[in-house]
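The structure comes first, and the discussion follows.

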Amino acid sequence: MTDPATARSTGVNEAIVEPGVALGATTEEAESFEALYRRTFPRVYAYVASLVRERAAAEDVTALAFERAYRKRNRFRPARGTREAWLFGIARNAALDELRKRKRRASLEAEPEDPAAPDFDGHADSALRRATVRAALAQLDAREHEIVALKFMAGLSNAEIAGVLGISESNAGTKLHRTVNKLREACDERA
Amino acid sequence: MNERELALAVAAEAPAPDPDFARQLDERVARGFPRDSRAARLTLARARAASVLRRRPPVAALGAIASVLIALAVAVSLIGGESATRHADVPGTSGADQRPGGAIELDSPTDGKIANPAPAQPPAAAKRRSEALDAGLATEPAIVRPHPDAATTLRDDGTQLAVPVPPAPRPGFAPGTRDRRIERSATLALAAPDDRLDKVAADIAAVTDRYRGFVLSSSLATGDEGATTGGSFELRIPAARLDAALADLAELGQVRSRTTAGQDVTAAFVTAGDRLEAARAERASLLTRLENATTDNAAAALRLQLDATAGEINRLKSRIAVLRIRTDYANVAVTLQSTDADTAAPASGERDGLRGALDDAADSLGTALELAIRALGVAIPLALVAAAVALAARAIRRRRRESALH
């Protein structure tokens with residue numbers, strides 16, 4: 001059901017999201033849960049995995065998040081935000097509960113090389129660039145890492161990020177701007 | 001590295017789900033996350049048990065429950081106290097209700113009574129009244145009070161209605177006596193509209209005079225606005241014309257109650273007459289003996305006996321006169337009250353028809369409103385406490401979750 005190509009392509013921000021996947025409020029309201037799942041599963045998993053940093057736990061939390069969303073699908077209120085923000089809020093709560101339960105932060109599990117990962121520029125230095133970004137991401141604290149994941153892995157808008165984190169949209173934008181600058185500086189230093 | 005390149009690079013770092021996991025989750029989603037499998041139920045039960053065991057004591061929930069219990073206890077105590085107070089306030093069970101505000105008690109000689117002189121009477125009536133005063137039957141009208149034997153009855157609206165009670169029958173029947181002496185008494189309770197009370201009071205005096213009687217005492221009560229709200233009259237009417245006088249008095253207003261009573265005092269009257277004759281015979285005998293007395297000492301002793309006998313004769317004559325007047329004039333107590341008061345506060349038992357139904361509906365609505373206000377008085381603070389507890393619990397839960405990121 002989940003297309004790997006789709007899974008990879010939906011894990012970026014709006015600039016690179018496929019046009020057909022871009023969301024509109026009208027389509028969200030009429031969308032079935034299965035369609036929502038198909039559209040968001042890779043991004044939810046990526047976001048959850050970035051929080052819990054353990055593959056098995058990420059799978060459990062992701063499954064739990066979708067099950068909770070399925071059970072509570074009738075409680076969604078469009079006036080309180082988009083369906084994606086609602087779903088990522090559920091995933092975030094499940095992930096934080098998992099982190100609290102474990103009482104420890106798992107070290108980031110080394111992700112296996114994804115054979116379907118796109119080669120951005122087709123040059124040999126792409127591996128070096130990825131290593132630089134990965135090292136820069138490791139320098140971020142948990143909250144900064146979360147907001148980066150919500151923006152660039154989950155592909156949420158600033159308003160949706162604000163809804164997930166329970167903060168104002170301007171505050172979310174400010175935090176995101178500072179984090180991106182910090183991430184860029186870290187990348188530049190390593191480059 | 002520009003922002004676009006950075007975004008692409010970060011997105012490339014997004015962990016990808018395992019294909020097996022993705023397939024399993026696809027199937028679960030397609031089946032709607034079924035709960036019927038035994039393994040799923042066991043997993044769910046274990047998760048719930050672990051959650052319960054892991055969970056800290058629900059301080060917020062316990063606090064909310066304690067608040068609810070305290071509020072309920074306070075509400076129950078308030079309602080209970082209110083009920084007791086209401087029970088004590090039942091009309092007729094407390095002095096306050098027996099004296100509604102603004103009304104002047106009719107039967108109290110001191111509280112709020114406005115003593116009015118007896119209505120103007122013709123000279124003949126005044127003369128008859130004067131005779132009664134001389135005979136010791138009447139009291140000065142300045143002491144305005146209802147009949148000494150008056151009893152108090154409570155109306156349904158809590159006000160008191162003075163109903164003089166006829167003297168209780170006492171033994172005095174003299175068998176074989178043809179000329180019977182009957183002391184008669186009657187009570188009459190009249191009601192009239194407020195605007196007619198003054199006229200009815202004047203008519204009572206006029207009827208009394210028409211039947212050769214007199215007004216022994218009267219009092220009129222006035223309300224806050226100075227209007228007459230009621231009154232009481234003590235009349236003396238010739239016993240032979242009592243029935244006719246009562247009939248005329250009854251036509252002056254709405255008769256609320258009417259009682260008549262009689263006491264046979266023939267025995268006392270005959271006894272006093274017999275003793276008077278004996279005393280007179282005794283005096284005649286003493287006078288004869290005094291004429292024949294030969295010594296001064298004997299004459300002095302006879303004179304002393306004559307004085308005592310004369311005193312006895314006077315006392316018996318006075319008693320006979322009193323008995324004669326008491327039997328010649330009937331004692332009539334008339335109370336006058338307003339019918340408007342009944343309209344303003346109808347007794348529950350008198351309510352009927354559409355008006356009664358409307359009154360009952362208004363009462364029920366008022367009671368329900370009162371109950372709702374009292375309930376809100378309990379529910380609103382309770383809801384505020386519950387909301388505060390819920391907000392605090394939510395904030396605590398959120399803070400605990402957020403602490404996982406530190």
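Predicted model: local features only at pLDDT ≥ 70, side-chain atom pairs only at ≥ 80, totals over all residues.

A:Arg53 is buried, because its relative accessible area of 17% falls under the 20% cut-off for burial. Most residues other than glycine have a negative phi.

B:Phe33 sits in the loop between helix 2 (19-31) and helix 3 (38-54) of chain B, and with a relative accessible area of 1% it is buried.

| Residue | Relative accessible area | Class |
|---|---|---|
| A:Arg53 | 17% | buried |
| B:Phe33 | 1% | buried |
| B:Val68 | 34% | partly exposed |

Turning to chain A as a whole, it has nine helices and zero strands, and 49% of its 191 residues count as buried. Among its contacts between residues at least 6 apart in sequence, 70% join residues at least 24 apart. The chain exposes about 9200 Å², of which carbon and sulfur atoms supply 50%.

Which residues of helix 6 of chain A are buried? They are A:Ser126, A:Arg130, A:Thr132, A:Val133, A:Ala136 and A:Leu137, and because they cover an arc of only 160 degrees around the axis, they lie on the same side of the helix. These buried residues pack against helix 7 (142-153) and helix 9 (169-190) of chain A, and also against helix 1 (3-12) of chain B. The exposed residues A:Ala127, A:Leu128 and A:Ala138, by contrast, are carried on the face of helix 6 turned away from its buried side. The length of this helix agrees with expectation, since at 1.5 Å a residue its 14 residues (126-139) should span 20 Å, and its end C-alpha atoms are 20 Å apart.

On the surface of chain B, B:Leu62, B:Ile65, B:Val68, B:Leu69 and B:Leu72 form a nonpolar patch with about 460 Å² of accessible area together. One of these residues, B:Val68, is placed in helix 4 (residues 59-88) of chain B, and its relative accessible area of 34% makes it partly exposed.

Definitions and conventions
Residues numbered from 1 in each chain as written. Chains lettered and ligands numbered in written order. Heavy atoms only, no water. Helix = DSSP H or I, 4+ residues; strand = E, 2+ residues; numbered from the N terminus. Expected span 1.5 Å × (residues − 1). Buried < 20%, exposed > 50% of the residue type's maximum accessible area, 1.4 Å probe, protein only. Arc of directions from axis to C-beta. Contact = heavy atoms within 4.5 Å. Patch = residues over 30% accessible without salt bridge, like charges linked within 9 Å, V, L, I, M, F, W, Y side chains within 5 Å. Areas by Shrake-Rupley, 256 points an atom, 1.4 Å probe, with all protein chains shown as cover. Salt bridge = Lys/Arg side-chain N within 4 Å of Asp/Glu carboxyl O.
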